[in-house]
Amino acid sequence: MINSSSDNVKKLGSINRRMFITGSLKFLVMIGLVSRLFFLQVKENKKYLTLSDKNRIREWKLAPVRGEFHDYFGNVIAGNFEAYQLHVIPEQVEDFRYVIYRLKDLLELSEKEFQKVLKKKNEIKPWETLIVSDNLDWNKFSKINNHLYDLNGVKPVISISRNYPFGDNFTHVLGYVSQANEKDIENNEVVKKNFVPGLKIGKVGLEKSFENQLIGTNDIERYEVNAYGRRISQLEFQKGEKGKTLKLTVDVEIQKLSNELLKDQAGSICVMDIFTGEIIAMHSSPSFDPNLFVFGISQDDWQIIRNDPMKPLVNKTLQGNYSPGSTIKPIVALSALENGIINKNFTVKCTGKTEMYGQTYHCWKKEGHGFVSLRNAMKQSCDTYFYEISRRLGVDKLSETAKKFGLGEKVFGDLFNIEKKGLIPNTEWKKNALGKGWLLGETMITGIGQGYIQTTPIQLCLMTAQIANGGYKIYPKIIYGDENKNQPEDKYTPLYQNSKNIKIIQDAMFGSTNEVMGTSYRSRIDDLKYQFAGKTGTAQVKKITERDRELDLKTFEIPYEERDHALYIAYGPYINPRYALSVLVEHGGNGSTTAAPMAKKLFKLIIDRHQLRESINNKKYLEI
Amino acid sequence: MYQHTRLSNNSFGFFQKFKNFDYILLSCILLLGFISLTTMYSTDGGKILFHTKSHFTKLIVFTIMMLIISFINIKFWFTIGYFSYLVVIGLLVWTFLFGITSSGSQRWIDLYFINLQPSELMKIFIILCLAKYFHRMKLENVNSLYTILTSLIIIILPMGLVIVQPDLGTSLLIAISGVAVLWFAGINNRYFIYTMLGFVISLPFIIAFLKPYQKLRVLTFLNPDRDPLGAGYQIIQSKIAVGSGGIFGKGFLKGTQSYLEFLPEKHTDFIFTLFSEEFGFVGSVILLLIYAIIIYRIVAIGASARSYFAKIFCYSFGAAIFVYITINMSMVLGLLPIVGSPLPIMSYGGSSMLATMIGFGIVMSAKVHNQQAIA
């Protein structure tokens, strides 16, 4: 009994000792658990709270509302309209087959469109939105609304979309918008940030150049979602900002007239304010309707535009490199005067052709102009005279003057990425580009705007404007009211050495238009209010052979592609000039018969609207 | 032997039993039951659905059962110690032969009204069996080879039967229950140390024998971000849920991680995660405190018990419960790899609750009959 009792005591001691050891261990482990809880829930709480929100909150971005384009007078030239769309959330539809066939009937969907919708349906999750139609007309939209009672889960939606009220008038200025593709998103951070499926962004023109300002910011819907991504409830709606509205310097009426004048012809018209450099109109013909692109252009329409021989996709004003023809003559003459090669009394005898190293150079007038002075040579556009003075001048000096006046350089800088530089050749250029020495004969044909020299219509317009304003440098612009920023330092610096020389050229151009024998005499306006001065140009597309000379065909007798380009540059009114323009008609035949009459109509309208334009400007000051 | 003569052996009146009841333990268990019920209600998304109803029924039935058990003399439990162990071994064999297979393991017996998981019961009955085995043993005999071998066989037999199901987690918990008894019975410390060393040395071999999904769990535990949407998903989401709870939690029925279905297994093994998300650090500590009080009461009852059987049972059961809680929470908090181990009472699951309640019942019986000596 004692033994067992002592054993009992020992056993009791052992078990109690171990109980205490275990108890202390438990206590320590408990503290460990509590500190782990403390670590997770108190110390790292923020981190896990963020993670949990990231889990449960998902953002849905809605397409931002795009900024508009207005013309100088506040007319909307690129706006937004309410597109009627039809959305279906497949999960909310009891009998999807029934509803979709019903919709097919109501919307009169073609089999092709219908299959497209079905394909889209299979690509999305059942709780995501299926866009059955993105731009319904009002009739179908209201028809759907009348049948909503048996179309469960179908949602008629009004969404904001791009609209160009003036159709094809501004296509080459504004460009157009279309669905952003992967490359667009990759190349532009702002687009990437604001991207939503179906987002439309500018593809060319100002729509592209000002994408970042126009795009606006997304409306954001925040939803709570479950682990499978299904929306449970909406937490927040954050209104986005509409993109910036840009006011352009263009005038809708003049733009419309330009479009009309060039109807069914390929060509370009641009009009510029000679002091401010504001673009009043800038049109390239033929154009196309940018509205076609907003919801994705159909294959048929695209093929029609793409395969048009007149190349509607090319912006001829900025992209078209043309020989300037006789429109270069004011610059050649100016250069000769400035460099002291000639004075205004310098006279050349024109017999209709000149020989040089065995090569014959023809004047446009077979019988010749006889003795011509500078003023007469300009007025009648005597080629022989300009062969002679350019021969004396040399191409390097000529190119210097031409470049000063804006030829051979991009007029808008980086604003339009498609703009071409043209080409003002000189001896160095030829050596570098072609590896050959410059020939004197090439100088002579450069003097009448043929050969290597190439200019764009906008460059010619700028050149004319800078002659018209008395020879001062201006910077063309198309966005209104950004004078304050990036004002180039050399704006309004004189481009001449002697201002008399500019006057001589202006006077010669006046003669060309307003005096008998002038090449554009028939297009003159006698009313001093509208009177303008200009210079015609006819750019050869192909070399004129001896045979052609003998035949002496009329324009309409020559195949279209071989006809000359018709050009005209002008400024007006002659007293107190304000506007300059350039007209180019591809294969239009003759500058004086095709291009100059357009200028006449344009000046009439431009000067009629001058008062109105000024009043807008003055109102700005009145309001302050 | 070691006994008072103040009271005769079987003189426990009904009212005396009531008086002897451990009301602190009982109220803690009831409180825990209540908490588990509300949490279950929350997992059902704030509605009284299947899990809540089922849990409620089980809670009522098993609590009543626990009370009945506590009124049965501790002597009875001593008597059926071996027998009950053998019955559960029989059930495990039955499971092995005719059990129901679910998600790749054969763990359940279909009893028509309930699917019983005998491995859960084994967690309790192995303690009962070993407690009886060591009850009368002299201390010097405890460390004899024969004793150690016998007790090891008692432990390894059910372990083997559970491992083949396969259910590594539960078999480890059974082993831990058994080892706890050995520890309190007085097995020499060095055996534990040797075993530990042996385990560490053989770890590479054990890993080699692990099933691919078990290896994955270990790897995932070591680095949950290895595969955040696959194997690491549970640990990551669980930590997010607990961590985002903060000090006071997101509020009852407002645990976003759970009701938006980011939490896996939220009714069973991960129930604490949900609780912790909704009630935060404060709630979690209170829950831990309730468990701590329960364990403390169990140990206290053991300390005041007059028989070794009751002592060993209470201490071991207390230690086992503690280990279950620790393993479950450590797993949920990302401190241990995922092993299937329910949180006692809180987790949904009948067998686990049944086993725990039987354990509580026997502990309570030990308290009610704390003057009872066992010959």
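Tutor: Let us begin with helix α21(A), which lies across β11 (267–273), β18 and β19 (579–585) of chain A, running at about 150 degrees to β19(A). Axes here are lines fitted to C-alpha atoms, for helices over the stretch in contact, and angles run from 0 to 180 degrees between N-to-C directions. Two residues are in contact if their C-beta atoms, placed from the backbone, lie within 7 Å. Helices (H or I, at least four residues) and strands (E, at least two) are DSSP runs, numbered from the N terminus.

Please keep in mind that this is a predicted model, in which local features need pLDDT of at least 70 and side-chain atom pairs count only at pLDDT 80 or more, while totals for chains, interfaces and linings use all residues. Residues are numbered from 1 along each chain as its sequence is written, with chains lettered from A and ligands numbered from 1 in the order in which they are written.

The five strands form an open sheet in the order β12-β11-β19-β18-β17 (chain A), with antiparallel pairing; two strands count as paired if DSSP finds at least two bridges between them. At the edges stand β12 (279–285) and β17 (533–539) of chain A, each with a single partner strand, so one side of each has no neighbour in the sheet. On average, neighbouring strands of this sheet are turned by 5 degrees against each other, direction ignored.

β17(A) pairs with β18 (residues 565–572) of chain A in the antiparallel sense over seven bridges, and Gly537(A) stands opposite Leu567(A) in β18(A). The peptide bond from Ser285(A) to Pro286(A) is cis, with omega near -5 degrees.

What about the nonpolar core? The term means a set of buried Ala, Val, Leu, Ile, Met, Phe, Trp, Tyr and Cys residues joined through C-beta atoms within 7 Å. A residue is buried if 20 or more other C-beta atoms lie within 10 Å of its own, exposed if 12 or fewer, and partly exposed in between, with C-beta atoms placed from the backbone. The largest core has 116 residues, and those touching the most other members are Cys270(A), Val271(A), Met272(A), Leu581(A), Val583(A), Ala595(A) and Ala599(A).

Leaving aside neighbours within four places in sequence, Ala599(A) is in contact with Ser523(A), Phe532(A), Gly534(A), Tyr568(A), Ala570(A), Leu581(A) and Val583(A).

Finally, let us step back to the whole chain. Chain A has 25 helices and 19 strands, and buried residues make up 42% of its 624 residues. Among contacts in chain A between residues at least 6 apart in sequence, 73% join residues at least 24 apart.
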